[in-house]
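Please report on the structure shown below.

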Amino acid sequence: MERRDELLRKKLILASSVFLILAAASALLYVLFYFNIIPKKAYTAEDFGIKIIKSQIDRDQDGLDDYTDILSSARAYVKTKPKYKSAYYAGGYPPAGEGVCTDVIWKAFQGAGYSLKELVDADIAQNVNRYPGVSDKPDPNIDFRRVRNLIVFFERHAESLTRDLNEIAEWQPGDIVVFDGHIAIVSDKRNKKGVPYIIHNGGQPVYEEDAMARYEIAGHYRWTGFIP
């Protein structure tokens, strides 16, 4: 009887161990897929018969239109793998190697020939009442790195577009997408449904990924070359 009980106990321990291992493996796979650590097949606009829209502007006159420049500059920046660090910096700009989601945006614009900091600071200075997040106290050291200010700026000076992910042709490389407290550049890669990847820095392990549906979309914009 005691031997039978011991065998039963060992079987239960083995079954529990197997269950825990399988559960841990499933959880690990979920994390790997959720954060796109395991690569997925990426598609292009052409795979869905979508025409790529090019800007008529080449601000920095490098032979690349603004949308292509914004996309390629965002991608080049995240390839440096900046560590996610939210901090306040005198002068506004973080040191190389660290930053947050908004730093992807001004870096992308910088690569296209625009100083997003100067544009945002000037617009806030002239229209402070339109920026509720500033609370009537502009701070050039941080204002251009706050999502709540960028959404006001792009609402005012960029083309506002659909937030519906089912309208896949309306999402173009180099577009800006704003989420609740987060912001990204739209990639030229797409998932199997035609929804674009995003290029962003939210502290996630993969910087260009299939993550558009991970967040609630608050705005979708296309730059029009605004210069005051």
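## The cover over α5

The buried residues of helix α5 (residues 147–157) are covered by elements that include α3, α4, β3 (158–160), β4, β5 and β8 (217–223). Those buried residues are V147, N149, L150, V152, F153, F154 and H157. Buried means under 20% relative accessible area, exposed over 50%, and partly exposed in between, with a 1.4 Å probe and protein chains only as cover. Helices (H or I, at least four residues) and strands (E, at least two) are DSSP runs, numbered from the N terminus.

This is a predicted model: local features need pLDDT of at least 70, side-chain atom pairs count only at pLDDT 80 or more, and totals for chains, interfaces and linings use all residues. Residues are numbered from 1 along each chain as its sequence is written, and side-chain values use heavy atoms, with hydrogens and water left out.

## Helix packing

Two packed helices are described by the angle between their axes and the distance between the axes. Axes are lines fitted to C-alpha atoms, for helices over the stretch in contact; angles run from 0 to 180 degrees between N-to-C directions. Angles under 35 degrees count as roughly parallel, over 145 as roughly antiparallel, 65 to 115 as roughly perpendicular, and the rest as oblique.

Helix α4 (residues 116–126) packs on α5 at about 85 degrees, with the axes 11 Å apart. The two are therefore roughly perpendicular. From α4, L116, L119, V120, D123 and I124 take part; from α5, N149, L150, F153, F154, R156 and H157. Contact means heavy atoms within 4.5 Å. By class, this contact has seven nonpolar, two polar and two charged residues. Ala, Val, Leu, Ile, Met, Phe, Trp, Tyr, Cys and Pro count as nonpolar, Asp, Glu, Lys and Arg as charged, and the others, Gly among them, as polar.

Helix α3 (residues 101–111) also packs on α5: the axes come within 10 Å and cross at roughly 40 degrees. That makes α3 oblique to α5. Here C101, T102, I105 and F109 in α3 meet V147, L150 and F154 in α5. The residues of this contact divide into six nonpolar, one polar and no charged.

Strand β5 (residues 182–190) has seven of its nine residues buried, so it is largely enclosed by the rest of the structure. Strand β4 (residues 176–179) pairs with β5 in the antiparallel sense over four bridges; pairing requires at least two DSSP bridges. F179 stands opposite H182. The β4–β5 hairpin leaves two residues between the strands, and G181 in the turn has a positive phi of about 80 degrees.

On to strand β6 (residues 196–199): three bridges join this strand to β5, and the two run antiparallel. R190 has P196 as its bridge partner. This hairpin has five residues between the strands, and G194 in the turn has a positive phi of about 90 degrees.

## V177 in β4

V177 lies in β4. V177 counts as buried because its relative accessibility is 0%. Beyond neighbours within four places in sequence, V177 is in contact with residues including W171, I183, V186, I198, M212 and H220. The C-alpha atoms of V177 and I151 are 9.3 Å apart, across 26 residues of chain.

## The whole chain

The chain has five helices and eight strands, in the pattern α-α-β-β-α-α-α-β-β-β-β-β-β. Of its 228 residues, 43% count as buried. Among contacts between residues at least 6 apart in sequence, 63% join residues at least 24 apart.
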